[in-house]
Amino acid sequence: IDDYLFCFFKKQLQNVFFAGSETSAGTVIWAMTALIKNPTALEKAQNEIQEVLGEKKMIDEDDTQKLPYLKAIIKETMRLYPVAPLLVPRYTMESCILDGYEIQPKTTVYVNAWAIGRDPEYWENPHEFLPERFLNSTIDATGKHFQLIPFGSGRRGCPGYSLGIAAVELALANLLNSFNWGLPSGVKKEDIDTDVLPGLAMLKKNALRLVAKKRVSS
């Protein structure tokens with residue numbers, strides 16, 4: 001029994017660390033990838049941070065509530081590059097009809113969050129990185145709006161949503177606040193790819209290589 005409990009708790013801890021760290025880190029990397037390919041958005045985000053926070057060196061969780069454009073960037077990143085593109089599968093208990101399709105009992109159903117986030121029925125210019133689409137918008141990523149469900153929805157949505165969002169906001173805000181970001185010599189923004197590693201999580205295949213220079217407050 002002791003060995004069984006040890007293995008059980010070990011597996012649960014591994015799940016917690018993976019779900020809480022690798023996914024958040026992956027989202028930050030995708031956000032930086034999108035921003036370095038869209039320097040106007042990068043500059044706008046840094047200007048917002050400087051205008052709101054001035055010369056403050058480190059950003060805390062309360063500060064992120066004053067950064068609507070940063071939040072829009074994260075929503076847009078999760079729309080285009082959801083770290084969990086196929087949500088946790090569901091298992092039907094009984095027959096049902098969905099959009100004219102009959103789904104039999106005991107059917108495993110996958111929800112493709114990646115495809116939903118790029119569906120032109122819901123999104124204008126769906127393949128473009130446009131954080132502005134979320135400014136003055138009521139759409140959030142909590143599962144209330146089904147066109148943006150990176151954490152799933154309902155009672156079986158990701159329980160770590162709040163922690164995950166806070167971790168991504170803090171990491172990205174402090175990276176943008178502390179450094180100016182550029183590309184290595186000879187590399188153009190068009191050279192930055194969005195290839196993905198195989199697996200359940202959508203992580204960047206090729207490392208994102210950037211040059212960071214300490215920001216000096218004006």
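Modeller: Please do, bearing in mind that the model is predicted. One place to begin is Asp99, which sits in the loop between β2 (96-98) and β3 (101-103).

Colleague: Why is Asp99 called exposed?

Modeller: The term exposed applies over 50% relative accessible area. Asp99 has 70% relative accessibility, so it counts as exposed.

Colleague: What makes the phi of Asp99 worth a remark?

Modeller: Most residues other than glycine have a negative phi. Asp99 is not a glycine, yet its phi is positive, at about 55°. Asn125, in the loop between α5 and α6, is not a glycine either and has a positive phi of about 50°.

Colleague: Why is Asn125 called partly exposed?

Modeller: Buried means under 20% and exposed over 50%, with partly exposed in between. The relative accessible area of Asn125 is 39%, and therefore Asn125 is partly exposed.

Colleague: How do you know that the span of helix α6 is close to the expected one?

Modeller: The expected span is 1.5 Å times one less than the number of residues. For the 18 residues of α6 (161-178) this gives 26 Å, and the helix reaches 26 Å from its first C-alpha to its last. Its buried residues include Ile165, Val168, Leu172 and Leu176.

Colleague: What makes up the lining of the largest cavity, by class?

Modeller: The lining has seven nonpolar, two polar and one charged residues. Among the lining residues are Met78, Arg79, Ile116 and Gln147. Helix α5 gives the most, with three residues. The volume of this cavity is about 40 Å³.

Technical notes:
Residues numbered from 1 in each chain as written. Predicted model: local features only at pLDDT ≥ 70, side-chain atom pairs only at ≥ 80, totals over all residues. Heavy atoms only, no water. Helix = DSSP H or I, 4+ residues; strand = E, 2+ residues; numbered from the N terminus. Buried < 20%, exposed > 50% of the residue type's maximum accessible area, 1.4 Å probe, protein only. 1 Å grid on protein atoms, 1.4 Å probe; cavity = no way out; pocket = protein on both sides within 12 Å on 5 of 7 lines; lining within 4 Å. Points joined across faces, edges and corners; volume = space filled by probe spheres on them. Nonpolar A, V, L, I, M, F, W, Y, C, P; charged D, E, K, R; others polar.
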